[in-house]
Each structure stands twice: as structure tokens, then as C-alpha cells.
Amino acid sequence: IQDRHGLSDSELALCLDLLDRGAAVNIETAATHLPTAIAQVVATHAGKIVGVGAVKRARPDYAAKISHSSSHLIDPATPELGYVTVDKKHRGKHLSSRMVSALIAATSCPLFATTDKEEMKKVLSRNGFIKCGRDWDGGSGCLTLWTRQPE
């Protein structure tokens, strides 16, 4: 797991391809927000990027939308942990958990995350996130909100 800030153009393209194959995020949005993230991490194997994660900059309008959807108030200045994905061939090696731990270590502020994936819910829970509010239909699945306060 490597902390990154300022992915090169080729690394960014590889990360966006990985996110696109994971099909959990809007790639156009990721192309805008991943390069400007507060923190970025990649997992590599044999020099190839096989996982990515980020702490996105605070987006007050998005936080308000998530607050409304989940019926749980999120401070609009709270950054979001997201874009956590691992190439299918490299899953089951705890890379997501290690990337989330690295992202938490790179920040010292409250965070929120949303997911509809059972494995990611376990990863968030193991890393100090607490499920908050109500579940809601995110279009591709039933989303849950998770928040974490710094220690």
C-alpha cells in the first residue's frame, strides 16, 4: 500500500479503469474528484496498480444530499472516504482494509462513507466507522452511511 498525492496521468488512467471495472462509481465524477483528493492510496502487485482508495475533498452539497437520504446529519465540511476498489484477481488479501487504514492515517478529521457492499461494510466497521441513519435506494443497491470520528 502506497500513499500517493498527485497521481501521474498514467496512474490516474489505471485507477479510473480499475474503478470503471468495479462499476460502483460514476467515472466522470471520479475523473474530477480522484485527482484532487485529500489523500490517495494505491495497492500494487509486481509494480502494477491493483487497488485504489481516496479521501475526497469536502463537498457540502453532496454531504447535504447524503444527510437527507440517510436521515442523519453530516457536517458539510466532512470529507468522504471512497473509491476503494481492488482488482478481482487480488481480492481476499485484505487490501481494502489496508488501504482504508492508510487513508485514515493520512487524515485527522471526521470522515463519512457510503456503500452497498457487504465486504466494505465489514472493512469500515473494522476501521472504526459506525453505521448511521437509515438505508436508502442508491439506484444500484441499498446504500448505508458510515461515519468515523478521529481518535
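Student: Leaving aside neighbours within four places in sequence, which residues is Ser 70 in contact with?
Tutor: Ser 70 is in contact with Gly 133, Arg 134, Trp 136 and Leu 145. Keep in mind that this is a predicted model.

Student: Where is Ser 70 found?
Tutor: Ser 70 belongs to helix α3, which covers residues 60–70.

Student: And is Ser 70 buried or exposed?
Tutor: Buried: the relative accessible area of Ser 70 is 0%.

Student: What lies 2.8 Å from a polar atom of the Ser 70 side chain?
Tutor: That is the backbone oxygen of Ile 66.

Student: Moving along to Ser 71, where is its place?
Tutor: Ser 71 sits in the loop between α3 and β4, with β4 being residues 80–86.

Student: What is the phi of Ser 71?
Tutor: Ser 71 has a positive phi, about 60°, although Ser 71 is not a glycine.

Student: Buried or exposed, that Ser 71?
Tutor: Ser 71 counts as exposed because its relative accessibility is 53%, and the cut-off for exposed is over 50%.

Student: What about the phi of His 94?
Tutor: His 94 also is not a glycine, and has a positive phi of about 65°. Its place is in the loop between β4 and α4, where α4 is residues 95–105. His 94 is exposed, at a relative accessible area of 57%.

Student: New topic. How many residues does helix α1 have?
Tutor: Helix α1 has 14 residues, running over 9–22. From first C-alpha to last, α1 reaches 20 Å, close to the 20 Å expected at 1.5 Å a residue.

Student: Which residues in α1 are buried?
Tutor: Glu 11, Leu 12, Cys 15, Leu 16, Leu 18 and Leu 19 are buried in α1. They cover an arc of only 160° around the axis, so they are on the same side of α1.

Student: What is the relative accessible area of Cys 142?
Tutor: Cys 142 has a relative accessible area of 43%, so Cys 142 is partly exposed. Cys 15, by contrast, is buried.

Technical notes:
Residues numbered from 1 in each chain as written. Predicted model: local features only at pLDDT ≥ 70, side-chain atom pairs only at ≥ 80, totals over all residues. Heavy atoms only, no water. Buried < 20%, exposed > 50% of the residue type's maximum accessible area, 1.4 Å probe, protein only. Helix = DSSP H or I, 4+ residues; strand = E, 2+ residues; numbered from the N terminus. Polar contact = N/O pair within 3.5 Å; in protein donor to acceptor, adjacent residues only side chain to side chain. Contact = heavy atoms within 4.5 Å. Expected span 1.5 Å × (residues − 1). Arc of directions from axis to C-beta.
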